[in-house]
Amino acid sequence: MKIMRTLIAAALAATCLAGGALRAEPVEEKNVVSGKTTLDPAKGYILVSGPARQFGMFLRVPDESTFATWEKDRQKALDKALRAYKTEHANWQVLANNAKADHSKPPAEPVQPTLETVQVDPPELRDVAAFGPQFVYTKGETVTYLQAVKPGTYRWYGNVIGGAGLPAGGTCMCMGTVQFEVKAGVVTDTGNWLQSAPHGSEDMDVARLALKEANDKRVAAGKEPRLPLPPSEPRFGVPASLKDWPSVQAEFHASGKLNNYYGIFISRLSPVPGVLGYHRDTPVDLRTGQEIESPTLVSRARIKK
């Protein structure tokens, strides 16, 4: 258990160190009450609430500055890789000449790196806002988390923990999710919406199909079926200690598919009336009735040939 707490703390610390000048970081109520932490007009704030501790991750939609920094990092990585390649190729040339003289098979020639082959964090992982299960803002009947983040548009990536160089776990909403705007100097209250608004009973994913199959067997054996967690009503509201901080209720919009950046379990956010629906596996913006264009997804799995 102690090891798990250490890993969780390390994951949160690594997340806070990733990204640009305005890094996502947890805000604790004791620091707000004491005056140690005050509202930063340059930062946005995301408030998440629920009946118990939880964890999750938001990904900020990259903007022009994000892509500009990403391009600079790619070039730096390429320059470094080319320097290493120059040395590696010189060593290979010696071995190849020796092999030619010995009439033996030469080693494979190193491949010159390009911008397309160097490895840097993708733009979508430049501004990650992860929360929980530690560093709660308030405890009690309602448990809340408050994250100071870079203003912008954030996508719900799911109940995911880790990343930023550490092993990640959980399930990403890679096949369909929602997004919302976070403005500077304002607490954006997501309430318990992400857990309560989706209609899980309308989305027969693997877990729900497994529950249905298990319940069919229980009923056939004369036993009571196991019930899923009962749905709850969406609730919003900021803690009393934030009454002097400007706040708005998050306005959720449908968002398209996302890459499985961490190679974890994948799913999708269940349909939300008036917000998110699906045409088979294609996310639909129910505000407009239009299908949402999604990027070409890239798998981390090695395809067997």
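Over which residues does pLDDT stay under 50? I looked this up before anything else. The stretch is residues 1-21. The model is predicted, and I keep that in mind throughout. For residues 1-21 the model has 32 contacts beyond four places in sequence. Where pLDDT is low, the predicted coordinates should not be read in detail. I therefore leave the details of such coordinates alone. For the protein as a whole, the mean pLDDT is 88. I note that 86% of its residues reach 70 or more.

**Overall make-up**

I went through the secondary structure next. The protein has 15 strands and five helices. It has 305 residues, and 39% of them count as buried. The accessible surface comes to about 18300 Å². Carbon and sulfur atoms hold 56% of that surface.

**Aromatic rings**

How many aromatic pairs does the count come to? I get eleven. One of them is F58 with W156, with 5.1 Å from centre to centre. Their planes stand at 55 degrees, and the pair is tilted. I traced both residues along the chain. F58 is in strand 3 (residues 56-60), and W156 is in strand 6 (residues 152-163). They are 98 residues apart, and the pair links distant parts of the chain. I also looked up burial for both. F58 has a relative accessible area of 1%, so F58 is buried. W156 is at 2% relative accessibility, so W156 counts as buried too.

I moved on to F180 and F252. Why is this pair edge-to-face? The planes are at 65 degrees, with the ring centres 5.5 Å apart, so the pair is classed that way. The cut-off here is over 60 degrees. This pair also links distant parts of the chain, with its residues 72 apart. F180 is in strand 8 (residues 177-182). F252 is in the loop between strand 10 (247-249) and strand 11 (253-255). Both F180 and F252 are buried.

I then checked how the rings group. F58, W156, F180 and F252 belong to one aromatic cluster, which also includes F131, Y145 and W193.

**Arginines over rings**

I searched for charges over ring faces. R74 lies over the face of W70, at 4.5 Å from the ring centre. R268 lies over the face of Y278, at 3.7 Å from the ring centre.

**A cis peptide bond**

Is the peptide bond from G132 to P133 cis or trans? I find it cis, with omega near -10 degrees. G132 is in the loop between strand 4 (128-131) and strand 5 (143-149). P133 lies in the loop between strand 4 and strand 5. G132 has 4% relative accessibility, so G132 counts as buried. I also looked for what G132 comes up against. G56 is 76 residues away in sequence, yet the C-alpha atoms of G132 and G56 are 6.7 Å apart.

**Positive phi**

I finished with backbone angles. H103 is not a glycine, but its phi is positive, about 55 degrees. H103 is found in the loop between helix 3 (64-102) and strand 4. R280 is not a glycine either, and its phi is positive at about 60 degrees. R280 is in the loop between strand 13 (276-279) and strand 14 (282-285).

Is H103 buried or exposed? Exposed, at 76% relative accessibility. R280 counts as exposed as well, at 78%.

Note on methods:
Residues numbered from 1 in each chain as written. Predicted model: local features only at pLDDT ≥ 70, side-chain atom pairs only at ≥ 80, totals over all residues. Heavy atoms only, no water. Helix = DSSP H or I, 4+ residues; strand = E, 2+ residues; numbered from the N terminus. Buried < 20%, exposed > 50% of the residue type's maximum accessible area, 1.4 Å probe, protein only. Areas by Shrake-Rupley, 256 points an atom, 1.4 Å probe, with all protein chains shown as cover. Phe/Tyr/Trp six-rings, centres within 6.5 Å; stacked < 30°, edge-to-face > 60°. Lys NZ or Arg CZ within 6 Å of the ring centre and 35° of its normal. pLDDT = per-residue confidence, 0-100. Contact = heavy atoms within 4.5 Å.
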